[in-house]
Amino acid sequence: MISVKVLTPNNKERQSFLDEGKNMQDHPIRIALIAPPYPLSEFPSPPLGICYVAAACEKAGAQVQLFDYIISEYRPEKLKQALDTFQPHVVGTTSVTMNFKKAADILKRAKTFHPHVITMMGGPHVSFDYDTVLRNIQEIDIVVIGEAEKTLLELIPTIRNRTLWPSIPGIAFYENECVVVTKTQSLIEDLDDLPLPARHLLNIPKYHTLGFPISIITSRGCPNQCIFCQGRRMVGQKVRYRSIENVVDEIEMLMEMGFEIINIADDLFTVSKGRVIQFCELIKKRNISFVWSAFSRVNTVDSEILDVMKSAGCYAVSFGIESGNSDMLKCIRKGITLSQATNAIKICKSAGIRTHASFMVGLPGETLQTLNDSLSFADSLDIEYGFHFLAPFPGTTLRENIDEYDLEILTHDWNQYDANRAIVRTSALSSSDINRFVDNWSKEQDELWNQLLQAYSQSSALQPYDKALVEEHYKRQFIFWLLSEDLIEKMGPLGEQTENALDILSERISSHVSKKEPMMTSSFVKKHLTELIEKQFIECVLETSTHIWKWK
Ligand code: B12
Ligand code: SF4
């Protein structure tokens, strides 16, 4: 059965959407964009993709609001209230595979509350799984495939006229029991044409309380071919660069917003040595003082580039090494050798840059021997490293050609694609074998960590560094609960005028959080709330003779 149509626009259709665009100036379309929740373990920081989407929608003339459920609680009734107030014409959300279901549920709710809104989803998961998604979830009207900015400039002005959808490249939708896919959208050539991510729509102070680095991207694209990687399919093989000036302008803007640590999230920041050096030189020339980290590849660094990076504030580099077995590296088409990895780590150390390496477990053909090769290689590097479970995402070469590999995918439940447990097996290893390997590896570290937590809870003497680590851990968890459960919003209204506003709030919050973490006593909570007050993140205001705690 042929069920996927590919359509291309004709001139009449194109003219018609340009005319519709003119109307937008008088009656802007309202678009609610939603950042779905994700856990503390994934380092919640200001979301980049959805802010690029918001900026493109604004550029297309829309009025945009961002409902950010990363740093506030998602509840259906809260969504309803926000939709009732804003009355959007369009509701859009993003997702990776592991939070696709959550994101889809949010769109389903939005459609139930406001049946006339047009719903759309974009991001890495649906860009490859749109066929199944549209077939099974009728509440999703449009999937935007891949890089969205160019598509949105054409889609938004015409989105309310369904007959024009076939003329917009880069989307998919369901019609007459068919999934319709329009012409492929071309990649954006000049990234400097893009408006900067619309971070003004976020509650930035709330992100400051969590304190994670903020991400930027300076290029899109990766020329490599790793078979497990979906990112490369999103951004294309040809690397497209923003101009260095444009990037450094954005960094200065972020510093004005109070960020001091930046994560350069390019798929492969060090792909062009000359450009990295120019970037570092401009930072020094403009005398900007901030620290930053980047993702890199072991065969794209040398002492010169690392020294320059260090001198411009780079404090850490993260390498995906993936395996300590040479045959495995070939099988996954990583395109690096173990000696390149050893050398890269050595020169990072001499440059004084903190180095992190990531290894994968559950690769095709994995055996106990290859896992042990990875472990002994990782240990030999004498740096921080971690093991990540392979999750065969839609759109990866691995998943698309699964029959060619010694690998069985054990579940299609997307909730389990969080890379925290094995969801594959090989002919030599079951998923339990793979889990056991990682559990054994982490046992020693888990035990050490639990000992630290126990010593801290019993007020035993700890080294200052260890003590600071434990305190940071509890603080982050506390702040994340405060944000993601709307605790200030829920417990902030005190009901009557009072002199003990802080004590009352601390008591209330502690009685909630201490059930999950006994260390979070009322004095612990008071200490951290006091810090938030001093940094002017929260305040107590008097409203109609009632004291209310609020985020500023
Ligand atoms: C930076 C990054 C991160 C950062 C995010 C920083 C931040 N604050 O935003 C950190 C380190 C926190 C992170 C975490 C994770 N990441 Co990550 N990450 C990336 C990376 C390298 C770049 C993403 C990015 O910002 N690109 C730039 C922006 C502009 O692109 P974008 O987000 O894709 O958005 C564009 C389109 O997708 C589309 N779009 C997106 N949303 C929407 C919504 C609408 C309505 C529309 C119309 C369009 C649209 O338009 C955008 C503009 O063009 C990608 C690789 C890649 N190249 O995609 C992996 C990638 C997205 N990450 C991935 C994964 C798996 C994760 C984690 C689950 C980690 C893990 N446990 O394995 C977590 C999940 C966090 C989460 N819920 O999002 C996978 C996703 C695969 C999948 N299908 O799930 C990728 C593709 C890497 C890979 N393995 O191939 N990640
Ligand atoms: S894993 Fe890294 S190097 Fe490999 S294709 Fe993906 S982005 Fe490129």
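Good morning. Arg232 counts as buried because it has 20 C-beta neighbours inside 10 Å. By definition, a residue is buried if 20 or more other C-beta atoms lie within 10 Å of its own, exposed if 12 or fewer, and partly exposed in between, with C-beta atoms placed from the backbone.

Before I continue, some conventions. This is a predicted model, in which local features need pLDDT of at least 70, side-chain atom pairs count only at pLDDT 80 or more, and totals for chains, interfaces and linings use all residues. Residues are numbered from 1 along each chain as its sequence is written, while chains are lettered from A and ligands numbered from 1 in the order in which they are written.

How far can the model be trusted? The predictor's confidence in each residue, from 0 to 100, is called pLDDT. The protein has a mean pLDDT of 93, and 95% of its residues reach 70 or more. Over residues 13-18, however, the pLDDT is below 50, and this stretch has 10 contacts in the model beyond near neighbours in sequence. Two residues are in contact if their C-beta atoms, placed from the backbone, lie within 7 Å. Residues 1-11 also stay under 50, with 17 contacts beyond four places in sequence. Where pLDDT is low, the predicted coordinates should not be read in detail.

Let me return to Arg232. This residue is found in helix 8. Helices (H or I, at least four residues) and strands (E, at least two) are DSSP runs, numbered from the N terminus. Which residues does Arg232 touch, not counting those up to four places away in sequence? They are Cys222, Asn224, Cys226 and Asp267. Ile264 is 32 residues from Arg232 in sequence, and their C-alpha atoms are 16 Å apart in space.

Arg232 also leads us to ligand 2. A residue is near a molecule if its C-beta atom, placed from the backbone, lies within 6 Å of it. Around ligand 2 are Cys222, Asn224, Cys226, Cys229, Gly231, Arg232, Asp267, Leu268, Arg297 and Gly320. This shell divides into four nonpolar, three polar and three charged residues. Here Ala, Val, Leu, Ile, Met, Phe, Trp, Tyr, Cys and Pro count as nonpolar, Asp, Glu, Lys and Arg as charged, and the others, Gly among them, as polar.

Now to ligand 1. How many residues surround ligand 1? There are 40, and the closest are Gly49, Gly92, Thr94, Gly122 and Gly231. At least two residues each come from helix 2 (49-59), strand 4 (90-94), strand 5 (118-122), helix 5 (124-136) and helix 8 (231-235). Helix 2 gives the most, with four residues.

The protein is divided into domain 1 (2-181), domain 2 (213-388) and domain 3 (466-551), with bounds that come from an automatic or database domain assignment. Domain 1 and domain 2 each contribute at least three residues to the shell around ligand 1. The centres of domain 2 and domain 3, taken over C-alpha atoms, are separated by 38 Å.

Next, two helices. In helix 6 (residues 149-158), eight of the 10 residues are buried, including Glu149, Leu152 and Ile156. Helix 16 (residues 431-457) has a kink of about 40 degrees, centred on Lys443. The bend at a residue is the angle between axes fitted to the seven residues ending there and the seven starting there. Ile434, Phe437 and Val438 are buried in helix 16, and its buried residues pack against strand 15 (354-361), helix 14 (368-381) and strand 16 (384-389).

Finally, the loops. Most residues other than glycine have a negative phi. Ser459, which follows helix 16, has a positive phi, near 55 degrees, and lies in the loop between helix 16 and helix 17 (464-484). Is Ser459 buried or exposed? Ser459 counts as exposed because it has 7 C-beta neighbours inside 10 Å. Gln87 likewise has a positive phi, near 50 degrees. Gln87 lies in the loop between helix 3 and strand 4, and is exposed, with 10 other C-beta atoms within 10 Å.

Ile70 is in the loop between strand 3 (63-68) and helix 3 (76-86). Why does Ile70 count as buried? The reason is its 23 C-beta neighbours inside 10 Å. Leaving out residues up to four places away in sequence, Ile70 touches Ala35, Pro37, Tyr38, Pro44 and Pro47. Thank you.
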